[in-house]
Amino acid sequence: MKRCNRCILPETYPGIKFDQKGICNVCQRTPDMLELTKAREGLKEKMDDLIIQKKDLSKYDCIVAYSGGKDSTYALIKLVKEYKLNCLAITIDNGFIAERAIENCKIITGTLGVDFMTFAPAKEFMFNMYKSSVENEVHNKPALKRASAVCNSCIGLINTFMIKTALEKNIPIIAGGYIGGQVPKDAAILHLNLDFQLTSKKQLLEKYEAFFGQKASHYFELSEEEINRYKFEELIVINPLLAYSVTEEEIKEEIKEYGWKMPENTGANSSNCLLNDFGIYAHYKKYNYNPYIAEIAEQVRYGLMTKETAIKKAETIPSLKEVSHLSDKIGVEQSEL
Amino acid sequence: MDMMAETKKIIFEFLEENYLVDFSEVKTNTNLFKEGYIDSFGYVELIQFLENQFSLEIPNEALVSGEFTSLDKIVTFIEKKSREKM
């Protein structure tokens, strides 16, 4: 398998081209590591200033999409301990959260003293959503460069829920635990255009209802009333990890101090979700690249992961035998895979 | 190559590479959002690219005005803003 000499993106990655030195077109558009680190520091400063402006305007300063995984745990700790924000942590139980991840949510929010809520969408809907996501072309190819089809559906549901809750409770900031490669660099700070969100979600809803059923509107719809009731001019989304230069190992070391423990059964690329390996298997089978490769490559570009570790991660693809119990659970015939 | 043609080429290549738009099948006035080529994160990437590439600041109101929905509209907007800067 031919890979970029800088970031290890494979030749099977959609839209990839290599120059004569074996450097891919994504790297050619990306500054060198020093520039990237400086840019990251710049993002941190912007985030610092923004948070100061938005603090103490509401009962909660920030609502955090908290999966119980290592990245969102790190983000939550930073927001509470470093920025002193009054956070509301929300976990969406997607039907496949590892028991240890749920335990981590309780321990971490307890230790930090933050309010914590869980929302569990109906399992029937979720399982059908996952099944349909794998069996149909629900998501566009660029979205599939960032995450598997099942993850894209789940993330879309979570994002909508977070926006709706922030609007309902008049919270000025939504924080996520995304890292580089999962989302664009500039998603460190997003000034969410609510009118654009309304329009784009309306367009998507038609598609989601067709694939997931009429109940998709419960989970993917935003209304004008919700936006009009919101007391702030804008809703900000931050992904703090995009502003920190920190390795996976450093994250794990720090969050362990707060009682976090790694679940044993969530696979090589997740620290909270049991369905993740199924998503990777289905994606790799169809598209011949690991759905985490963009994230892994970005970590390499930033010097936060060695190429050797990155290749090992990228090439760790679960077998059908390892994920068949998951495909059975959501009703995907193995012949479909 | 004149400036407009150069601008078009740059944006064309960006859309092709990042959003896998095949312009042999897609028209230059196709609504790329409606057709599912660009989602909300893709939109962030697009705006960032345009601002950096052409040294512009894109105002909030432009983001919902439908000015970035197709290659043709994006080129027209960038050309207009670039002329205003001069």
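The model is predicted. Strand β1 (residues 62-65) of chain A runs parallel to β2(A), and 4 bridges join the two. One pairing links Val64(A) to its bridge partner Ala89(A) in β2(A).

## The second unit

β2(A) also pairs with strand β3 (residues 115-119) of chain A. The sense is parallel, over 5 bridges. Here Ile92(A) has Phe119(A) of β3(A) as its bridge partner.

## Burial of β2(A)

Why is strand β2 (residues 87-92) of chain A largely enclosed by the rest of the structure? Buried means under 20% relative accessible area. By that cut-off, 6 of the 6 residues of β2(A) are buried, so the strand is largely enclosed.

Both faces are covered. Cys87(A), Ala89(A) and Thr91(A) are buried on one side. Leu88(A), Ile90(A) and Ile92(A) are buried on the other.

## Nonpolar cores

The largest nonpolar core has 91 residues. Leu76(A), Leu79(A), Tyr130(A), Phe220(A), Ile238(A) and Phe278(A) have the most contacts inside it. Helix α7 (residues 149-168) of chain A gives the most to this core: 9 residues.

A second core is separate and has 27 residues. Val26(B), Phe33(B), Tyr43(B) and Ala62(B) are among them.

Terms used. Residues are numbered from 1 along each chain as its sequence is written. Chains are lettered from A and ligands numbered from 1 in the order in which they are written. This is a predicted model: local features need pLDDT of at least 70, side-chain atom pairs count only at pLDDT 80 or more; totals for chains, interfaces and linings use all residues. Side-chain values use heavy atoms; hydrogens and water are left out. A nonpolar core is a set of buried Ala, Val, Leu, Ile, Met, Phe, Trp, Tyr and Cys residues joined through side-chain atoms within 4.5 Å. Buried means under 20% relative accessible area, exposed over 50%, partly exposed in between (1.4 Å probe, protein chains only). Two strands pair if DSSP finds at least two bridges between them.
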